[in-house]
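Hello,

Here is the structure I promised to pass on. Have a look first, and my notes follow below.

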Amino acid sequence: MSVFISEHLDYLEATKSATAKRLGVDNRPSESDLQNMRRIAKAIFEPLRANVANGPLAVTSFFRSKRVNAAVGGAYSSQHTCGQAMDIDADVHGGCTNRQVFDYIREHLAFDQLIWESGDDSSPAWVHVSLKESGNRGEVLRSVKVNGKMCYRPL
Ligand SMILES: [Zn+2]
């Protein structure tokens, strides 16, 4: 098993989960999950790091096993369970804003789903993005809380 998912993203960061640790459950990707993870890391994370952040860029949630995903909940999180989705939070290192990350993906990169997560009208609190091997929808959504329930609307 390779230590790096892509040039600047290592296996530990890509599989770390506070929930998995707390519950003592397995959070190891299969070989096909890893293939998906390498695909999105190379096609989306690395270009963002090089062209938008110009340095460290935090992936706050990437792979989640089915048990971990069930424990954290979330309507659009299933793509995390096969390594096709990652959550990026530029505020962790501060080299750019989440708005810049979101806009760059939308304008320059191929993706399946791009979600403006929480935040306000000027910037998301974090960015969820997914990529599949084929059949990518290029769907752009924003999460909004309606009566305490998280909903996703086209953006
Ligand atoms: Zn996500």
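**Helix H5 and the sheet**

Helix H5 lies across S4, S5, S6 and strand S7 (139-146), and runs at about 25° to S6 (axes are lines fitted to C-alpha atoms, for helices over the stretch in contact, with angles from 0 to 180 degrees between N-to-C directions; helices, H or I of at least four residues, and strands, E of at least two, are DSSP runs numbered from the N terminus). Please keep in mind that this is a predicted model: local features need pLDDT of at least 70, side-chain atom pairs count only at pLDDT 80 or more, and totals for chains, interfaces and linings use all residues. Residue numbers start from 1 along each chain as its sequence is written.

The sheet is open, with 6 strands in the order S3-S4-S6-S5-S7-S8 and mixed pairing (two strands pair if DSSP finds at least two bridges between them). Its edge strands, S3 (58-61) and S8 (149-154), each pair on one side only. S5 and S6 run antiparallel, joined by 5 bridges; Ile-115 has His-128 in S6 as its bridge partner.

Which residues of H5 are buried? They are Asn-98, Val-101, Phe-102 and Ile-105 (buried means 20 or more other C-beta atoms within 10 Å of a residue's own, exposed 12 or fewer, partly exposed in between, with C-beta atoms placed from the backbone). These residues sit on the same side of H5 because they cover an arc of only 95° around the axis, taken from the directions from the helix axis to the C-beta atoms. The face turned away from that buried side carries the exposed Glu-107 and His-108.

Best wishes

Technical notes
Two residues are in contact if their C-beta atoms, placed from the backbone, lie within 7 Å.
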